Amino acid sequence: MTLRPTLLVAAALALSLGNASAQTVLKIGYTPAKDSHYWVGSVTFCDEVEKNTQGRYKCQQFPNSALGGEREQIEAVQLGTQDLVNASTGALGNFVPETKIVDIPFLFRDYDHARHTMDGPIGQDLLKKMAAKGLIGLAWTENGFRHMTNNKRPIMTASDASGLKLRTMENKVHMDGYKTFGLLPTPMAFPELFTALQQGTVDGQENPIPVILSAKFAQVQKYLSLTGHVYSPAVIIMSPNVWNKLSDADKKVFVEAAQKGGIAQRKKVNEDEANGIAQLRKDGMQVIEKVDGESFRKAVVPAYAQFAKEFGADKIAAIQAVR
């Protein structure tokens, strides 16, 4: 009789160890800071995964470029040394060239147009193309419409941008488009950007309002021009090493969790767009709201000839036609 409690304790310990070993912790990284739109989307995704796998899977978050820039993180997911990344298409085109089409300047009219495109057949087809490149695209999230900031002068027309040294992503479509505005595109990984702005290595940068807020660029930039020149989608990508081990039921859980993460991330973008301008003004930035968008659209026309050759005029037209 005296052995029974010991046996019960041993059995309980064995059971708890068994449960612990059954839990898989996945690393998910992204470049913006904690409390950013990426963080909101990733936390929602991870909470849904943990809840709907009954705790068999949970995530460890790595915000603020803790695992490197977007290009490095996507490559790590491809190699299987990182489980998940929530990244923009800015760097993804280096791995999945077909996705670069969505980075064309002034391709999307507004958020409704962009979101309908990414959630519809065109966006879903782009998600599927990632598998051939060793990446599993779970669902589209969002970065937002990109705007220009700089320390030299207000940008109201395309000619105002001429001669400014602007940090861009390592994305040829962005750079080809921006050159038509007279900008001097300077590709640089996001983790290096704040210091480069602080030291004057570059005059400015371009990012959506949520990134400008979360990265605290108001501390190192004087002017914000609401150019809205590129819509920047983002996506939750999983390593095939993890995906291929999942049951069909768990795959469904991960995809649906990523879709809910995308909804939450877009909601945060909406909130930051609605409230962020006032906050950035409060933080000392001069905000130029009345930008001559037509001057930028006219300037970028020559680049569209090259984009049509690269992606197909019919594919560009199909995106423009989405209602």
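**Close-up 1. α5 (111-119) and β8 (223-238) each bring at least two residues to the lining of the second largest pocket.** This is a predicted model. Sorted by class, that makes five nonpolar, four polar and three charged lining residues.

**Close-up 2. The largest pocket has 13 lining residues.** Here the space comes to about 270 Å³. Two elements give two or more residues each to this lining, namely α6 (121-129) and α14 (313-320). The largest share is from α6, with five residues. If you want to zoom in on the centre of the largest pocket, the residues lying nearest to it are Glu98, Ile101, Asp125, Leu126 and Lys315. The class tally for this lining is eight nonpolar and five charged, with no polar residues.

**Close-up 3. Leu184 sits in strand β6, which covers residues 184-187.** Skip the neighbours within four places in sequence, and Leu184 is in contact with Gly163, Leu164, Lys165 and Leu166. Thr168 is also worth a label: Leu184 and Thr168 are 16 residues apart in sequence, and their C-alpha atoms are 9.4 Å apart in space. So is Leu184 buried, partly exposed or exposed? Leu184 has 46% relative accessibility, so it counts as partly exposed, since that class runs between the under 20% of buried and the over 50% of exposed.

Conventions
Residues numbered from 1 in each chain as written. Predicted model: local features only at pLDDT ≥ 70, side-chain atom pairs only at ≥ 80, totals over all residues. Heavy atoms only, no water. 1 Å grid on protein atoms, 1.4 Å probe; cavity = no way out; pocket = protein on both sides within 12 Å on 5 of 7 lines; lining within 4 Å. Points joined across faces, edges and corners; volume = space filled by probe spheres on them. Helix = DSSP H or I, 4+ residues; strand = E, 2+ residues; numbered from the N terminus. Nonpolar A, V, L, I, M, F, W, Y, C, P; charged D, E, K, R; others polar. Buried < 20%, exposed > 50% of the residue type's maximum accessible area, 1.4 Å probe, protein only. Contact = heavy atoms within 4.5 Å.
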